[in-house]
Amino acid sequence: MVRYYWRRRITADLIDAFGAYFVALVLFQLEGFAATFYLSHHHEAIATFRAIGMPAAFILGPWAYFALLERSSHGATQGKTWLNLRVYTAEGEPVTLVRATLRHLCRIAGAILTLWPLFLSGAKLPSLLHWGLLLLSIPSALWIYYRFVDRLSGTHVVPSEYPPPPSQG
């Protein structure tokens, strides 16, 4: 049961990574179409658009995917829904928007902590040593990543066939 749960959870996260990236690309394209009309007459705003508009699409896109879907009535992102997983608070209640946003921020911090060997090189292409360190650290990094995200955000990912965790009050 435990291995099956982790397979479902990791597969759901891979599906969600593609989904969040797709949402970010759609926002980026919509922003680009709107900017094309505006920037064709206001050339001085191009630098501002590149500094603010483009990064905003890649920040708001994943946030919209993860936080808004986990806050929805399904209580899960698309990947979790497909694999029958739900997100609850530690008290067994549906996740609020604030809690879902905190979960998304913890997910970003956890990903940075998980991929630390790649940041050691300082080069555009990490050496084989850094890739080797990453491969050696993957099992512990996944465990730390999931525990970090769940504990700091105060949430649990539970299979849909099981009831939510009991209320502690």
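A residue counts as buried when its relative accessible area is under 20%, as exposed when that area is over 50%, and as partly exposed in between. The model examined here is a predicted one. By the burial criterion, 34% of the 169 residues in the chain are buried.

The chain contains six helices and two strands, and along the sequence these follow the pattern α-α-α-β-α-α-α-β. Of the contacts between residues at least 6 apart in sequence, 72% join residues at least 24 apart.

Helix packing may be considered next. Two packed helices are described by the angle between their axes and the distance between the axes. Helix H2, residues 46-71, packs against helix H4, residues 97-114, at an angle of about 135°, and their axes lie 8 Å apart. H2 is therefore oblique to H4. The crossing of H2 past H4 is right-handed. On the H2 side the contact is formed by Pro62, Trp63, Phe66, Ala67, Leu68, Glu70 and Arg71, and on the H4 side by Leu97, Ala100, Thr101, Arg103, His104 and Arg107. Sorted by class, this contact between H2 and H4 comprises seven nonpolar, two polar and four charged residues.

Ala67 and Ala100, which take part in that contact, also belong to the largest nonpolar core. The eight residues of this core are Tyr5, Ala12, Ala67, Leu85, Val87, Val95, Ala100 and Val157. Helix H1 (2-39) and strand S1 (85-89) are the elements that give two or more residues to the core. In soluble globular proteins, nonpolar side chains tend to be buried together.

Apart from neighbours within four places in sequence, Leu85 is in contact with Tyr5, Arg8, Arg9, Ala12, Ala76, Lys80, Val157, Val158, Pro159 and Ser160.

Asn84 is located in the loop between helix H3 (78-82) and S1. Although Asn84 is not a glycine, its phi is positive, at about 55°. With a relative accessible area of 41%, Asn84 is partly exposed.

Is Asp13, at 18% relative accessibility, buried or exposed? Because 18% falls under the 20% cut-off, Asp13 counts as buried. Asp13 is situated in helix H1. Not counting residues up to four places away in sequence, Asp13 touches Lys80, Tyr145 and Tyr146. Lys80 is also one of the contacts of Leu85.

Definitions and conventions
Residues numbered from 1 in each chain as written. Predicted model: local features only at pLDDT ≥ 70, side-chain atom pairs only at ≥ 80, totals over all residues. Heavy atoms only, no water. Axes fitted to C-alpha atoms, helices over the stretch in contact; angles between N-to-C directions. Helix = DSSP H or I, 4+ residues; strand = E, 2+ residues; numbered from the N terminus. Parallel < 35°, antiparallel > 145°, perpendicular 65-115°, else oblique. Left-handed = near helix turned anticlockwise from the far one by under 90°. Contact = heavy atoms within 4.5 Å. Nonpolar A, V, L, I, M, F, W, Y, C, P; charged D, E, K, R; others polar. Core = buried A, V, L, I, M, F, W, Y, C linked by side-chain atoms within 4.5 Å. Buried < 20%, exposed > 50% of the residue type's maximum accessible area, 1.4 Å probe, protein only.
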